[in-house]
Each structure stands twice: as C-alpha cells, then as structure tokens.
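Hello,

Here is the structure I promised to pass on to you.

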Amino acid sequence: MRLLRQLGIVLIVAFLGEFISKIFHLPLPGNVLGIMILLLLLSTKIIKVQMVDDITNFLLDHLPFFFIPAGVGLISNLELLKKEGITILLICLISTFMIITVTALTIEFLKRSFKI
C-alpha cells in the first residue's frame, strides 16, 4: 500500500505538470515541468523525501526496462538508421558536446555567483 500511495504522489505531480503545460501552452514539456514542481515541493519540504523514496528507488532499480520501447523503436526503423545513421550519430555527438559545455559554463557561473 505504501508504494501505491507514493506512486500516487509522483503521478499527481506529473499530471499537474502536464496540466499546467497544456493549459498555459508553455513551450516546456509537461513531464519536465512536473519534475521541476516535484523538486520545488521537495526543496520546500511540502513533500518530504520519505513520502516518495520507496517508489523512486523502485523506479531507479528498474530503469533499464524503460529503455525497451526505445530499443524496439530503433529496431523497427532499422532501414532509416542504415540510411541516416552517420548523420544521426554526428548530431548526437555534437549535441552531447554542446550540453556538456553549457552545463560546465552554467556550473562555473553559479559557483562564481554564489562563491561556492
């Protein structure tokens, strides 16, 4: 029963993020907004970590199962992957480099701003 209650909390916050994103036509995906809301609720201690720790540990322990649909999608589009594979790989590498760079610059900026 405990896992079900904790799952309910996480799902309510996730649906709240989706609802807000759709109602206000935000450019931010609802799931990202839901995670941000959950972070805010955890940071302000409105939701205590103990209220969601079991379900989050369960989901993290079973994380590889969430990648199965993506793998099946890749296999079902194998012809496209053969034709555009190099382009897709190049885009992945460039975007990964950009994300790492922006993350590093952001952390450096925050460290200087807050003198950490």
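**What I found**

G71 is found in helix α4 (residues 68–76); helices here are DSSP runs of H or I with at least four residues, strands are runs of E with at least two, and both are numbered from the N terminus. Please keep in mind that this is a predicted model, where local features need pLDDT of at least 70 and side-chain atom pairs count only at pLDDT 80 or more, while totals for chains, interfaces and linings use all residues. Residues are numbered from 1 along each chain as its sequence is written, and side-chain values use heavy atoms, with hydrogens and water left out.

Back to G71: this glycine counts as partly exposed because its relative accessibility is 27% (buried means under 20% relative accessible area, exposed over 50%, and partly exposed in between, with a 1.4 Å probe and protein chains only). From G71 to S43 is 28 residues in sequence and 35 Å in space, C-alpha to C-alpha.

Is S21 buried or exposed? S21 counts as buried, because its relative accessibility is 8%. This serine sits in helix α1 (residues 2–23). Leaving aside residues up to four places away in sequence, S21 touches L26, L28, P29, G30 and L33 (a contact means heavy atoms within 4.5 Å).

Helix α5 (residues 78–114) is worth a look on your screen too. A kink of about 75° is centred on E84 in α5; the bend at a residue is the angle between axes fitted to the seven residues ending there and the seven starting there. Just after α5, K115 has a positive phi of about 50°.

Now the whole protein. There are five helices and zero strands, giving the pattern α-α-α-α-α along the sequence. The radius of gyration is 19 Å, whereas a compact globule of 116 residues would come out near 13 Å (taken over C-alpha atoms, with the globule rule being 2.2 Å times the number of residues to the power 0.38). Along the principal axes, the C-alpha atoms fill a box of roughly 50 × 45 × 35 Å. Of the 116 residues, 13% are buried. Among contacts between residues at least 6 apart in sequence, 43% join residues at least 24 apart.

Finally, the charges: the protein has 10 positive and 7 negative side chains, counting Lys and Arg as positive and Asp and Glu as negative, without His or the chain ends. The centres of the two sets lie 10 Å apart, with each charge placed at NZ of Lys, CZ of Arg, CG of Asp or CD of Glu.

Best wishes
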